Amino acid sequence: MSLAASRDIRTLAHFIAGRFVPPVAGTYVEDVAPATGAVIARLPRGDAADVGAAVEAARGAIDHGWRRSSTAERAELCEAIAARIEHRLDELAALESHDTGKPLALARRVDIPRAVANFRFFAGAVRHHATEMHEMQGAINYTLRRPLGVVGLITPWNLPLYLLTWKCAPALAMGNSVVAKPSELTPLTAAALAEIFLEAGAPAGVFNLVHGLGAEAGAALVEHADVAAVSFTGGTATGARVAAAAAPLFKKLSLELGGKNPTLVFADCDFEAAVEGSLLAGFLNQGQVCLCGSRILVERAIHDRFVDALVERVRAMRVGDPADEATCLGALVGLEHRDKVERYLQLARDDGGQVHGGARPDLPPPFDRGAFLQPAVVTGLPHSCRFVQEEIFGPVVSVHPFDDEEEAVTLANDVRYGLSASLWTRDLERAHRVSARLETGMVWVNTWLLRDLRVPFGGAKQSGVGREGGRWSLEFFSEARNVCIQLENKKP
Ligand code: NAD
């Protein structure tokens, strides 16, 4: 059964050994469009049997030739996949917007082009990849990088195709075969990616896709003895479960987890640029990007002016139909998630915060049943309260004054997360000094989300373990083997 054939009834299938197949147990879960509440697809409720078949197919692909594929062949496959994603950009953007509730324009401008860029980038990266040589007196060492085998890729709902391709491209480029488990909330573009692998003539079993719930299909993938490595992106609590399951099996693990990222605004900044940057960092994708700056720390001298400017701009953000070009914010991923964000807003009120915005918008049908929420700015909260300390992952930010650089750094580091930070200042020395003291994996200065795919991406503290991106991804998806050759006939 191909995805295209089943499109009318929107019943998705696993993709195993180059074929679309129904779940062994025959059970499905519903996929709901967050903007309307309509059921748009049924996806297989995969379990250990489906995962087992996918892992076997992935193993088979390695044994049947993928192991011997050349770097050029793998790079060409990545380029072919990139070209096909690009060719289907409008369709994929529509699927992504429909499935996540995000603005169509955002999916068209960011999500899908970045999926193309991921495959293109890693095609180039693997072609140019070099390993190390260490010379000794009378001997040389060189490092071989060998594929790990079957790797499991587990991805969240906020950037579905973007994050799946971010893992899939380097995994394949390094000669592994893949079993992917996308979020059960947003399976559509992963299903389309499987179609693209089929169209591109990828060897059967090199890319496999198992749909299903995290605690079932996801857990089965992590626990499978023949899965050599797991690259996981998702929440910190889930990451802890994945790590606990993988540890006794000594799997290689990459964990990209949650964040509660600070935006530090110093009085010497370019004020307009800092307000615009904080707005983007706070609310892009309805605040559902792991890198979103949800704690805005502002030097007291400009705090009140900053809050007024931010609130004014937040009030002007248009919330509604994701397909409308004028829409700034679409729907949150679901009603349950909106309830969670609203509970946090109530907590903020209970803790004495002033909430500017945060109401449910009054939208016409069918969007009156969607998971929409007006963006909110919260002021007057102690930094220790739950709204400020916990990841909410919605269109809500808190703003806090600080008196000097020391206090700014202390507040910025005062959470259990450490993914990213952005700071706004015209003082170059301060930029270097503060960047060096922030306990995060990434720091942006006078910008946010500017991405170079060669740089290390990942978090400190409870935001993750390991780095992906550029050579870090190529190294994660391969095993280093040192070869030592004695050149002179000397006793060791
Ligand atoms: P989640 O942790 O609920 O789910 C992520 C994935 O893990 C899904 O595919 C899910 O089905 C699967 N899963 C759930 N339980 C599992 C288990 N026991 N074993 C194996 N797999 C399991 O996260 P989410 O709600 O989909 O995504 C939002 C979270 O992702 C936020 O915390 C966000 O910060 C984080 N995120 C992090 C990054 C990053 O790069 N650091 C990027 C995007 C999102």
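Trainee: How many residues surround the ligand, and which are the closest?
Mentor: Keep in mind that this is a predicted model. In it, 29 residues surround the ligand, and the closest are Lys 181, Glu 184, Thr 238, Leu 257 and Glu 391.

Trainee: What does the side chain of Lys 181 do with the ligand?
Mentor: An N or O atom in the Lys 181 side chain sits 2.7 Å from an oxygen atom of the ligand. Lys 181 also forms a salt bridge with Glu 184, with 3.1 Å between the closest N and O atoms.

Trainee: Is Lys 181 buried or exposed?
Mentor: Lys 181 is buried, at a relative accessible area of 3%. Its salt-bridge partner, Glu 184, is partly exposed at 24%.

Trainee: Which backbone atoms come up around the ligand?
Mentor: Two examples. A polar backbone atom of Ala 219 is 3.5 Å from a nitrogen atom of the ligand. For Gly 234, a backbone N or O atom is 3.4 Å from a ligand oxygen.

Trainee: Back to Glu 391. Where does it lie?
Mentor: Glu 391 is in the loop between helix 12 (386–389) and strand 16 (396–402).

Trainee: And which side chain of opposite charge is nearest to Glu 391?
Mentor: That is Lys 340, 6.0 Å away.

Trainee: What does the Glu 391 side chain reach, then?
Mentor: The backbone nitrogen of Gly 259, at 3.0 Å. Setting aside neighbours within four places in sequence, the contacts of Glu 391 are Gly 258, Gly 259, Lys 260, Lys 340, Tyr 344 and Tyr 417.

Trainee: You mentioned strand 16. Which way does it run against strand 15, parallel or antiparallel?
Mentor: Parallel, with 4 bridges between strand 15 and strand 16. In that pairing, Val 396 of strand 16 stands opposite Ala 376.

Trainee: What about strand 14 and strand 15, parallel or antiparallel?
Mentor: Antiparallel: strand 14 (residues 354–357) is joined to strand 15 by 4 bridges. For His 356, the bridge partner in strand 15 is Val 377.

Trainee: Are the faces of strand 15 covered or open?
Mentor: Both are covered. Ala 376 and Val 378 are buried on one side, and Val 377 and Thr 379 are buried on the other.

Trainee: Change of topic. How many salt bridges does the structure hold?
Mentor: 28. One of them is Arg 127 with Glu 79, where the closest N and O atoms are 3.0 Å apart.

Trainee: Which residue does Glu 272 meet in a salt bridge?
Mentor: Arg 313, at 3.0 Å from N to O. Glu 272 belongs to helix 9 (residues 271–283) and Arg 313 to helix 10 (residues 300–315), so this pair ties together parts 41 residues apart in sequence. Glu 272 is partly exposed at 43% relative accessible area, and Arg 313 is partly exposed at 23%.

Trainee: Which residues do salt bridges with shared partners join into one network?
Mentor: Arg 84, Arg 88, Glu 91, Glu 195 and Glu 199.

How values were computed. Residues are numbered from 1 along each chain as its sequence is written. This is a predicted model: local features need pLDDT of at least 70, side-chain atom pairs count only at pLDDT 80 or more; totals for chains, interfaces and linings use all residues. Side-chain values use heavy atoms; hydrogens and water are left out. Helices (H or I, at least four residues) and strands (E, at least two) are DSSP runs, numbered from the N terminus. Buried means under 20% relative accessible area, exposed over 50%, partly exposed in between (1.4 Å probe, protein chains only). Lys and Arg count as positive and Asp and Glu as negative; His and the chain ends are not counted. A salt bridge is a side-chain nitrogen of Lys or Arg within 4 Å of a carboxyl oxygen of Asp or Glu. A polar contact is a pair of N or O atoms within 3.5 Å; within protein, one must be able to donate a hydrogen and the other to accept it, and residues adjacent in sequence count only if both atoms are side-chain atoms. Contact means heavy atoms within 4.5 Å. Two strands pair if DSSP finds at least two bridges between them. A residue is near a molecule or strand if one of its heavy atoms lies within 4 Å of it.
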